[in-house]
Amino acid sequence: MSWTDCLGSHADLPSLDTPLDVTRAQWKERLPRQAYRVLFRHRTEPAGSSPLDEEWRRGVFACRACALPLFSSPMKYDSGTGWPSFHTVIHDHVATSRDFRLILPRTEYHCARCGGHQGHLFRDGPAPTGERWCNNGVALRFVAADEPSDEVAHGRGRCGAIDTR
């Protein structure tokens with residue numbers, strides 16, 4: 001199954017090729033304070049604070065800032081960490097870098113479209129990948145397969161409002 005099978009026919013989400021010209025100052029105005037801090041200041045939300053950790057409906061998890069789809073619901077699993085976790089990503093929709101913020105090197109990943117920090121990749125996940133893409137819930141929005149088209153088009157949904165202009 002392709003990740004696009006998790007979207008309803010209503011979904012109008014951007015692709016990597018969709019133009020994006022937004023400054024950090026504009027992101028700061030558009031996003032809730034905590035989302036901006038995580039996405040563009042590389043902060044981490046407290047474990048257990050995101051309702052997306054308990055989100056199991058069919059749909060897509062998209063970047064909170066630019067709405068690029070990053071994960072589909074079949075990629076999600078319960079890691080027991082208190083953060084939404086996934087065993088793989090949508091190909092080419094995330095990029096990685098080395099993070100030395102906690103002295104020991106880690107693999108940080110971010111949205112390939114806007115550069116917003118999402119979380120860290122660990123090699124302790126389930127088969128078949130052995131990967132745990134541990135995501136800050138505040139850096140995502142969930143687009144349910146049955147979400148009405150006007151909710152997607154205007155960036156509103158269960159995770160709150162965002163501006164995707």
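A: A residue is called buried when its relative accessible area is under 20%, exposed when it is over 50%, and partly exposed in between, with a 1.4 Å probe and protein chains only. The model is predicted, so local features need a pLDDT of at least 70 and side-chain atom pairs count only at pLDDT 80 or more, while totals for chains, interfaces and linings use all residues. Residues are numbered from 1 along each chain as its sequence is written, and side-chain values use heavy atoms, with hydrogens and water left out.

Helices (H or I, at least four residues) and strands (E, at least two) are DSSP runs, numbered from the N terminus, and two strands pair if DSSP finds at least two bridges between them. Strand E1, residues 59-63, and strand E2, residues 69-72, run antiparallel and are joined by three bridges. Within this pairing, Val-60 has Ser-72 of E2 as its bridge partner. Five residues lie between E1 and E2 in the hairpin, and Ala-67 in the turn has a positive phi of about 70°.

The next topic is the nonpolar cores. A nonpolar core is a set of buried Ala, Val, Leu, Ile, Met, Phe, Trp, Tyr and Cys residues joined through side-chain atoms within 4.5 Å. The largest such core has 31 residues, and Trp-27 and Phe-71 have the most contacts inside it. H2 gives the most, with five residues. A second, separate core has six residues, including Leu-7, Leu-13, Val-60 and Ala-67. In soluble globular proteins, nonpolar side chains tend to be buried together.

The charged pairs remain. A salt bridge is a side-chain nitrogen of Lys or Arg within 4 Å of a carboxyl oxygen of Asp or Glu, and a search of the whole structure finds three of them. One joins Arg-57 and Glu-55, at 2.8 Å from N to O. Arg-57 is partly exposed at 38% relative accessibility, whereas Glu-55 is buried at 2%. Another joins Arg-123 and Glu-131, at 2.9 Å from N to O. Arg-123 is exposed, with a relative accessible area of 62%, but Glu-131 counts as buried because its relative accessibility is 16%. Arg-132 and Asp-124 also meet in a salt bridge, at 2.8 Å from N to O, and Arg-132 is buried at 11%.
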